[in-house]
Amino acid sequence: MGKLDNKVAIITGGASGIGEYMVDLFSREGATVIAADINEEALEAASEKENVHGMKLNVASDEEWKAFAKNVKERFGSIDVLVNNAGISSEKPYTDINVDDWQKMLTINGFGPFAGMKHIAPYMAEQEKGSIVNISSYTAQIGQGFNHYSASKGAVRAISKAAATNFGNQGVRVNALFPGIVETPMTTTLSTSKGLLDQLVQATPLQRLGQPEDIAKAALFLASDDAAFITGAELVIDGGFSAQ
Ligand SMILES: NC(=O)c1ccc[n+]([C@@H]2O[C@H](COP(=O)([O-])OP(=O)(O)OC[C@H]3O[C@@H](n4cnc5c(N)ncnc54)[C@H](O)[C@@H]3O)[C@@H](O)[C@H]2O)c1
């Protein structure tokens, strides 16, 4: 028996990195998985997997979210899980960031999860049950990476708590994950700098970087009925880095 048997799960950014691992794990646990991403080429590969359906979605678009949510509901009958995972990053220092950089980052990373909850939660509320997991970042909790990326992840932290209180009485749970540095295509640039990588590992109590499975397994727990009484929670997954 799988932890997500008979559930329909949407994973945004499901074509790469953490999202790609979640797609595989959730489908192994019995879910029908919709991998939603802007990268159509990668989605084609995802769609070849059993119980996985790749669907194009730009999370920054309110209109696309609206049509996507209706489409998923009509095609699959229910929407039980939403993981707002799609995102972009930047290591630009604050002195170089302009208003266009800010708006792009906050629109994809902040408005994206907001619009996802806005359009998906009402369908979950009709079913009186649903679980939303938002992927923030450890940069939303401690003074790391003072730029528009940390601001966007702070937005995810705030809207997750607000949504948990808003949708709780409709049976919809909302929780947030706060990964540390995870080895994915997003952090490839970091990984090529061996010195920086070594420093980060040394500065982490558990003495390693995160892997996509570390985040995916926590998302699976929060998505599943094992977490039936958990909403508004914040789970840091960073090997103890931010505990110092
Ligand atoms: N990798 C890390 O160290 C780390 C740490 C903390 C938080 N996170 C967060 O985890 C999430 C996943 O990161 P990852 O490392 O797997 O990155 P990744 O770059 O491997 O994957 C991100 C995915 O999001 C998709 N995407 C980007 N913009 C999109 C849009 N507008 N609409 C739809 N899809 C879009 C990309 O096509 C890609 O498939 C992100 O929200 C990221 O901020 C990552």
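I started with Phe 178, which stands opposite Val 236 in strand 7. Strands here are DSSP E runs of at least two residues, helices H or I runs of at least four, both numbered from the N terminus. I'm looking at a predicted model, where local features need pLDDT of at least 70, side-chain atom pairs count only at pLDDT 80 or more, and totals for chains, interfaces and linings use all residues. Numbering runs from 1 along each chain as its sequence is written, and side-chain values use heavy atoms, leaving out hydrogens and water.

Next, the strands. I found 4 bridges joining strand 6 (residues 172–179) to strand 7, the two running parallel; pairing takes at least two DSSP bridges.

Then I checked what packs there. Helix 8 lies on the sheet and touches strands 4, 5, 6 and 7 (contact: heavy atoms within 4.5 Å). Its direction makes about 165 degrees with that of strand 6; axes are lines fitted to C-alpha atoms, for helices over the stretch in contact, with angles from 0 to 180 degrees between N-to-C directions.

I looked up the whole sheet too: it is open, with 7 strands in the order 3-2-1-4-5-6-7 and parallel pairing. Strand 3 (52–56) and strand 7 are at the edges with a single partner strand each, so one side of each has no neighbour in the sheet.

Last, I went to Ser 242, in the segment after strand 7 (234–237). Its side chain makes a 2.6 Å polar contact with that of Asp 238 (N or O atoms within 3.5 Å, one able to donate a hydrogen and the other to accept it; sequence-adjacent residues count only if both atoms are side-chain atoms). Leaving aside neighbours within four places in sequence, Ser 242 is in contact with Ile 142 and Val 236.
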